[in-house]
Amino acid sequence: MKEISVQELKEMKDSGADFQLIDVREDFEYQMSNLDGENIPLGGILIETDKISHDKPVVIMCRSGKRSAVALYQLEQQGYTNLSNLQGGILAWQQDIDPTITVY
């Protein structure tokens, strides 16, 4: 499984890189705080694969990196080869990038 750090994600965002960010947390978690990714909760990830790009890098994130790893594995089983897991999830983002973001 390919992983990227929150620093790498920040560089991608800051540079305007063409990528897709998928947040697999539940809606209530996403509403509390998010990184402007598309919210597709883990339970529906295989139902909503039509929303996930095959043509550009896709970063999958959650709270800590565990659910996103599960989502990445499930999507790789569907033939995706362009996926990266965000190491540490939004908790790492809060710790290393933006201490003002709300996490629980």
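**Reading burial, packing and backbone in a predicted model**

Q: Is glutamate 29 buried or exposed, and how does one read that from its relative accessible area?

A: The general idea is to compare the accessible area with a cut-off, and a residue under 20% counts as buried. In this predicted model, glutamate 29 has a relative accessible area of 3%, so it is buried. Glutamate 29 belongs to helix 2.

Q: Which residues is glutamate 29 in contact with, once its neighbours within four places in sequence are left aside?

A: Contacts beyond the sequence neighbourhood show what the fold brings together. Here glutamate 29 is in contact with Arg67 and Tyr104, and although tyrosine 104 is 75 residues away from glutamate 29 along the chain, their C-alpha atoms are separated by 8.8 Å.

Q: What pattern does the protein chain follow when it is read along the sequence?

A: Writing the elements in order gives an outline of the fold. The protein chain has four helices and five strands, and their order is β-α-β-α-β-β-α-β-α. Its radius of gyration is 13 Å, close to the 13 Å that the globule rule gives for 104 residues, so the chain is as compact as a globular protein of that length. Taken along the principal axes, the box filled by the C-alpha atoms is roughly 35 × 30 × 20 Å.

Q: What share of the residues is buried, and what share of the contacts with a separation of 6 or more comes from residues 24 or more positions apart?

A: Such totals summarise the chain before one turns to its elements. Buried residues make up 44% of the 104 residues, while residues 24 or more positions apart account for 64% of the contacts with a separation of 6 or more. The accessible surface comes to about 5600 Å², and carbon and sulfur atoms contribute 47% of it.

Q: Which residues of helix 1 are buried, and which are exposed on its other side?

A: To find the faces of a helix, one looks down its axis and asks where the buried residues point. In helix 1, Val6, Leu9 and Met12 are buried. Seen down the axis, they fall within an arc of 115 degrees, so they line one face of the helix. On the other side Glu11, Asp14 and Ser15 are exposed. The buried residues of helix 1 pack against strand 1, strand 2, strand 4, strand 5 and helix 4.

Q: What lies in the loop between strand 1 and helix 1?

A: Serine 5 is placed in that loop, and because its relative accessibility is 15%, it counts as buried. Apart from residues up to four places away in sequence, serine 5 touches Leu86 and Gln87.

Q: Which residues are buried in helix 3 and in helix 4?

A: The reading down the axis can be repeated for each helix in turn. In helix 3 the buried residues are Ser68, Ala69, Ala71, Leu72 and Leu75. Their arc is within 160 degrees, so they line one face of helix 3. Lys66 and Tyr73 are exposed on the face turned away from that buried side, whereas the buried residues pack against strand 4 and strand 5.

In helix 4 the buried residues are Gly89, Ile90, Ala92 and Trp93. These fall within an arc of 155 degrees seen down the axis, so they too line one face of their helix. Their cover includes helix 1, strand 4 and strand 5.

Q: What is the phi of aspartate 36?

A: Most residues other than glycine have a negative phi. Aspartate 36 is not a glycine, yet its phi is positive, at about 70 degrees. Aspartate 36 sits in the loop between helix 2 and strand 3 and is exposed, with a relative accessible area of 67%.

Terms used
Residues are numbered from 1 along each chain as its sequence is written. This is a predicted model: local features need pLDDT of at least 70, side-chain atom pairs count only at pLDDT 80 or more; totals for chains, interfaces and linings use all residues. Side-chain values use heavy atoms; hydrogens and water are left out. Buried means under 20% relative accessible area, exposed over 50%, partly exposed in between (1.4 Å probe, protein chains only). Helices (H or I, at least four residues) and strands (E, at least two) are DSSP runs, numbered from the N terminus. The arc is that of the directions from the helix axis to the C-beta atoms. Contact means heavy atoms within 4.5 Å. The radius of gyration is taken over C-alpha atoms; the globule rule is 2.2 Å times the number of residues to the power 0.38. Accessible areas come from the Shrake-Rupley method with a 1.4 Å probe; for residues, only the protein chains shown count as cover.
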